[in-house]
Amino acid sequence: MVKHLIIKTFVILGMFGMAYSVQAADPVKIGFSIPKTGMFASAGPSQLNAYLLWQDLVNAKGGLDIGGKGRRKIEFVQYDDKSNPAQAAKIYEKLITNDKVDLVVAPWGTPHHFAVAPVVERHKFPLVGNTAASVALRKVKPGYLWFTSSMMPDNVAKAMTAMLKSRGVKSVAILYNLLPFASENIQFLKPALAKAGIKIHFEAKYPPDIKDMTGMLIKVKAKNPDAVLVHSYPGDSILYMNQAREVGINAKTQYVMVGPAIGFFRGMFKSNLDGIITMGSWAPGMKGTTGSQKFYTAYKKKFKGHEPDYLDTVEVYASVQILEQAIAKVGLNREKIRNAINTMTFKTIYGDVKFNGVQNGSTPSGFTQIQKGKIEVVWPKSRATAPVADKGAWAN
Amino acid sequence: MDSLLSPQLLAAAMITGVLYALISLGLNLVYGTMRLLNVAHGDLVMIGAYVAFIAFSLLNIGPLVSMFGAALICGFLGWLSYKCVFQRLLSNGQLLSRLEENSLLLFFALSVIIQNLAILFFSADRRGYEYLSAIVEIGDVRLTGARLTVLIVGAVISAAVVFFLRFSLFGLAMNALIQNRDASAIVGINVDRVQMSSLIFGFGITGLAGALISMMEPISPVMGFPYTMSAFVIIILGGLGNLWGGFLAGLLLGVLEVYGVALTGPEWRSVLVYGIFVLILIFRPQGLLGSGKTAR
């Protein structure tokens with residue numbers, strides 16, 4: 001009797017212990033670096049918000065489905081990389097070797113992806129990239145890194161040229177920020193334009209900390225090109241928007257690369273943004289996407305009515321959906337995850353994604369345009385929610 | 001070359017210059033009177049910008065009104081930091097000998113605290129609002145209402161502050177302190193009071209500048225650092241603690257930047273701005289209007 005009691009007690013205690021140990025080891029630790037300070041700090045939230053929303057939504061379901069063998073909640077381990085790519089590389093090394101994370105998700109921006117690529121390759125940690133695209137990286141080292149972005153500079157250049165041709169554009173002015181992604185876009189855009197017979201009437205590059213564009217824009221106006229293509233980031237996009245109106249740039253095609261799809265930007269310029277074309281190929285609820293309207297609604301609910309960035313946030317969220325679906329298929333074995341990412345087709349808010357090598361082979365490069373305050377996908381025609389419209393006169 | 005004669009370019013240069021002058025004023029005052037290296041200067045710009053943003057988006061109060069609220073709030077922070085930290089630092093002979101190094105560390109800590117509190121309260125997301133966005137035409141010059149307002153208000157306030165400090169009794173006391181702290185005390189100037197007022201005044205002006213900047217640029221908790229950098233370049237160019245020098249250096253830098261870029265190309269901006277900075281440091285380390293004497 002006593003023996004039975006002791007055995008039962010041990011069995012019960014053992015069960016509690018097992019339950020406790022499973023619960024204690026339960027969360028899947030996922031690490032990343034994020035620019036919370038420094039030059040790119042204000043760009044970080046577009047990415048971080050997507051990660052946080054994903055964590056909320058997945059954990060509300062009970063956690064990540066681990067290869068059909070139960071669910072485990074997500075726990076993030078994150079560090080500020082101070083907008084410094086070298087710091088990001090150190091952080092990923094620390095996350096993998098010291099914090100012993102199960103998986104990693106992407107840092108922000110192309111230079112940071114360049115920096116962490118050797119780390120994830122060396123440790124064989126699959127990393128589904130976002131907010132970055134580089135033909136250079138694609139050529140150098142395919143392996144454990146993929147780009148969710150459909151905005152590979154060579155593909156963007158082809159799409160841009162095709163769109164300009166469809167609008168009868170014969171001449172352009174190009175202004176571009178010296179940061180890598182913008183510069184690489186120009187590297188591919190110029191030959192594509194030459195091949196299409198579109199003349200470059202004016203070209204200028206500028207540093208990221210530019211404070212005034214008036215001098216450049218006066219020269220652009222004097223050349224009177226059919227289209228003005230500004231490869232800019234939010235800060236310099238704002239400079240362009242203010243000073244192009246002052247100088248009186250009235251080209252019917254005006255492209256501002258990054259900024260117009262972000263909520264705060266639209267709050268600053270409202271109807272003056274009508275007709276501006278920007279980088280992106282997504283709108284909530286668009287055909288071919290899975291759960292994009294649900295994502296949009298959940299984002300607005302979590303972030304007090306603010307809209308997601310139609311470019312970065314969407315791409316980031318799709319990248320973690322890819323990881324989530326790979327884990328659901330094969331569990332947490334990183335080599336199996338790598339194979340799954342290479343071979344599976346993923347249903348995301350961005351549309352179906354299948355990787356061709358390291359790049360998103362399914363989603364075409366495209367552009368959105370603000371039309372009557374709403375963001376419409378205008379290129380490519382196969383994804384378009386509205387045709388490209390002329391940029392009319394500035395609202396005021 | 002024709003673009004160099006454009007009045008539009010002149011207006012752009014004046015806006016950039018006035019903004020530089022206004023931003024550097026507070027830093028110059030704080031450094032001049034107390035030798036405090038305020039590396040949290042740009043964070044005060046950020047606080048001012050958030051005050052204006054909140055006043056506009058929640059209370060529908062425009063930045064031309066709320067800029068005074070921003071000045072008051074930042075001025076209060078100046079008073080608080082003086083009473084809590086710097087009064088003791090400035091009155092202790094031993095600590096006074098390492099004042100610049102200590103203040104650098106203290107303000108760095110303050111900067112981190114302010115930024116993190118701002119992220120906590122407002123999130124790191126950028127914010128912006130539309131205010132006076134319509135184009136105003138004056139002859140051949142076309143400016144958004146917001147930029148024109150910044151030009152006028154910035155110029156008036158910068159000039160008023162510089163004149164006040166040059167010609168009012170209190171301003172003269174501040175100038176005396178800038179020139180020689182010990183002699184100021186000997187001739188009966190209440191050094192403690194002037195120091196406290198300088199910090200309040202310097203912080204307040206910077207907060208006001210932040211409110212004006214919010215009319216043109218997006219705001220975020222980490223927006224301050226570039227303003228800190230610009231302000232340091234300007235006060236070194238003008239002569240540390242020399243308010244007129246700082247004002248003129250701000251204008252000069254604006255003109256140099258806008259015309260220099262128009263003449264050479266935007267990719268030369270950093271070379272031009274920091275090239276002049278290095279040249280001044282080599283050939284005239286006391287700054288454009290600095291006397292070359294150190295009376296400490």
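I started with strand 1 (residues 28-34) of chain A, which runs parallel to strand 5 of chain A and is joined to it by two bridges. Strands here are DSSP runs of E with at least two residues, helices are runs of H or I with at least four residues, and both are numbered from the N terminus. I call two strands paired if DSSP finds at least two bridges between them. Across from Ile30(A) I found Leu103(A), in strand 5 of chain A.

Before going on, a note on what I'm looking at: this is a predicted model, where local features need pLDDT of at least 70, side-chain atom pairs count only at pLDDT 80 or more, and totals for chains, interfaces and linings use all residues. Residues are numbered from 1 along each chain as its sequence is written, and chains are lettered from A and ligands numbered from 1 in the order in which they are written.

Next I looked up the sheet around strand 1. It is an open sheet of three strands in chain A, order 4-1-5, with parallel pairing. Strand 4 (74-80) and strand 5 (103-104) of chain A are its edges, each pairing on one side only.

Which helices lie across strand 1 of chain A? Helix 2 (residues 44-60) of chain A lies across strand 1 and strand 4, at about 165° to strand 4 of chain A. Helix 3 (residues 85-97) of chain A lies across strand 1, strand 4 and strand 5, at about 165° to strand 1 of chain A. For these angles, axes are lines fitted to C-alpha atoms (for helices, over the stretch in contact), and the angle between N-to-C directions runs from 0 to 180 degrees. Contact means C-beta atoms, placed from the backbone, within 7 Å.

Then I moved to another open sheet of chain A, with seven strands in the order 9-8-10-11-12-17-18 and mixed pairing. Strand 9 (199-206) and strand 18 (374-379) of chain A each have a single partner strand, so one side of each has no neighbour in the sheet. Neighbouring strands are turned by 25° against each other on average, direction ignored.

I checked some pairs in this sheet. Strand 8 (residues 171-177) and strand 9 of chain A are parallel over seven bridges, with Leu175(A) partnered by Ala204(A) in strand 9. Helix 7 (residues 180-195) of chain A packs on the sheet, touching strand 8, strand 9 and strand 10 (227-231), and makes about 160° with strand 8 of chain A. Strand 12 of chain A runs antiparallel to strand 17 (residues 367-371) of chain A, with three bridges; Thr278(A) stands opposite Thr368(A) there.

How confident is the predictor in chain A? Mean pLDDT (the predictor's confidence in each residue, from 0 to 100) is 90, and 93% of residues reach 70 or more.

Chain A has 13 helices and 18 strands. Its C-alpha atoms fill a box of roughly 100 × 40 × 35 Å along the principal axes.

Last, the interface: 37 residues of chain B are in contact with 36 residues of chain A. Helix 1 (7-34), strand 2 (141-144), helix 11 (243-264) and helix 12 (269-283) of chain B each supply at least two residues of the side of chain B that touches chain A.

Definitions and conventions:
Two residues are in contact if their C-beta atoms, placed from the backbone, lie within 7 Å.
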